[in-house]
Amino acid sequence: MLLGLRGVGKTVLLNRLSEIAEASGYLVVHLEAPEGQRLVEYLAPGLKAVLLQLSKVEKAKDLAAKGVGALRGFASAFKVSIGTLEIGVNEANTADSGNLELDLPELLLAIGTAARAADKSVGIFLDEVQYLNEEDFRGLIVAMHRISQKGLPVVLFGAGLPQVAALAGEAKSYAERLFDYPDVGPLEPDAAMKAVAEPVRAENAEIEEAALSDLAKITQGYPYFIQEWGKHTWNVALSSPITKTDVQVASQAATEALDKNFFRVRFDRLTPREQDYLRAMAELGPGPHRSGTIAEKLESTVENMGPLRSALIRKGMIWSPAHGDTAFTVPMFDEFMRRAIPTWNPTTGSKKQAKKKPKKKAKKQQIPKT
Ligand SMILES: Nc1ncnc2c1ncn2[C@@H]1O[C@H](COP(=O)(O)OP(=O)(O)OP(=O)(O)O)[C@@H](O)[C@H]1O
Ligand SMILES: [Mg+2]
């Protein structure tokens with residue numbers, strides 16, 4: 001389970017891992033959990049493809065047909081369409097109790113058994129794991145636990161926001177030992193500089209050391225930011241070598257592009273009250289912050305802010321690095337929030353504006369609409 005903030009390179013790593021698996025002969029299922037969609041809807045079609053491949057292996061044919069019976073039962077119990085399947089027509093449907101915690105293990109065990117007979121391994125690659133709901137995550141954990149107990153050749157690789165470790169633990173306590181949770185963080189300065197210098201050199205151009213170190217500093221080593229800043233620096237540079245000044249000139253366009261493509265899309269998905277909560281956090285700096293301190297900023301209590309905080313965690317905007325702590329999942333989101341809402345205090349917050357009519361006195365201070 002690759003865990004890290006937004007834009008650190010989890011998806012890039014997960015894709016690379018699945019390429020390696022495929023090159024080593026794994027049967028690969030590559031999935032991304034869309035927010036609000038159930039696991040069975042996208043998992044079942046992916047597993048169908050695996051079973052079709054296994055059914056082509058002579059010594060695994062019968063077990064693959066059994067697997068198809070399990071998939072058919074599974075799909076009908078959870079009302080998922082998997083289209084027609086020519087194999088396993090005589091097999092009884094199994095894995096169809098309608099309880100995911102029973103059916104998913106049964107299905108994956110059937111697939112694992114067929115894979116073992118075929119001398120094949122199955123790799124399930126699942127991105128955005130934090131969007132699994134608790135029931136789905138529990139089903140998946142139980143299934144992988146059974147697979148590992150039986151030593152079957154099915155491996156799960158996941159990627160997601162840091163809250164995944166806690167979500168897994170809440171779903172099943174043994175999930176902590178079932179997975180490894182490598183932390184994917186920003187690049188070290190040397191690696192950040194290399195990430196820019198190498199593609200520049202590949203284009204037969206040069207970039208000054210000072211420009212590289214400025215890029216590493218500004219982006220704090222976050223891959224997505226390096227990508228954006230690197231692109232705009234390249235575009236503004238008129239000649240080689242690319243200089244420190246080019247980096248400076250590119251900064252405005254890079255910031256605008258990040259605001260538009262990276263920050264704004266996330267900001268726009270939030271309710272005014274959620275924006276308020278994040279703006280209060282931003283007022284305190286990059287974080288992490290004590291949840292109590294944030295509530296104080298909002299002139300409220302931890303209890304009252306609880307549901308709002310939970311909703312923001314579910315939306316993948318914040319997470320809890322330690323009990324009672326709250327941090328952004330998007331690097332430098334505090335800076336963006338202060339750019340997006342330059343002047344803020346709890347009484348100008350959107351929540352209170354909506355409720356209270358502004359008093360006459362306060363009206364004077366309102367900023368006129370432009
Ligand atoms: N090791 C790396 N070196 C240089 N650039 C990288 C590296 N990894 C990722 N990037 C750049 O960062 C961008 C973001 O990476 P990626 O989409 O994998 O992040 P992520 O962690 O999956 O983010 P999110 O949580 O938003 O899905 C990539 O498109 C790529 O340009
Ligand atoms: Mg990603």
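**A short tour of the model**

Start by selecting Ser 18: leaving aside residues up to four places away in sequence, Ser 18 touches Val 28, His 30 and Phe 125, where a contact means heavy atoms within 4.5 Å. You'll find Ser 18 in helix 1 (residues 10-23); helices (H or I, at least four residues) and strands (E, at least two) are DSSP runs, numbered from the N terminus. Ser 18 counts as buried because its relative accessibility is 7%; buried means under 20% relative accessible area, exposed over 50%, partly exposed in between (1.4 Å probe, protein chains only).

This is a predicted model, so local features need pLDDT of at least 70, side-chain atom pairs count only at pLDDT 80 or more, and totals for chains, interfaces and linings use all residues. Residues are numbered from 1 along each chain as its sequence is written, chains are lettered from A and ligands numbered from 1 in the order in which they are written, and side-chain values use heavy atoms, with hydrogens and water left out.

Next, a look at the backbone. Most residues other than glycine have a negative phi, and most peptide bonds are trans.

Pick Lys 79, where phi is positive, near 55°. Lys 79 sits in the loop between helix 3 (61-77) and helix 4 (100-117), and is exposed at 75% relative accessible area.

Now jump to Glu 128, with a positive phi of about 60°. Its loop runs between strand 3 (122-127) and helix 5 (134-150). Is Glu 128 buried or exposed? At 15% relative accessibility, Glu 128 is buried.

Then select Ser 240 and Pro 241, joined by a cis peptide bond with omega about 0°. Pro 241 belongs to the loop between helix 10 (223-236) and helix 11 (244-267).

Last stop: Gly 287 to Pro 288, a cis peptide bond with omega near 0°. Look for Pro 288 in the loop between helix 12 (272-283) and strand 5 (289-290).
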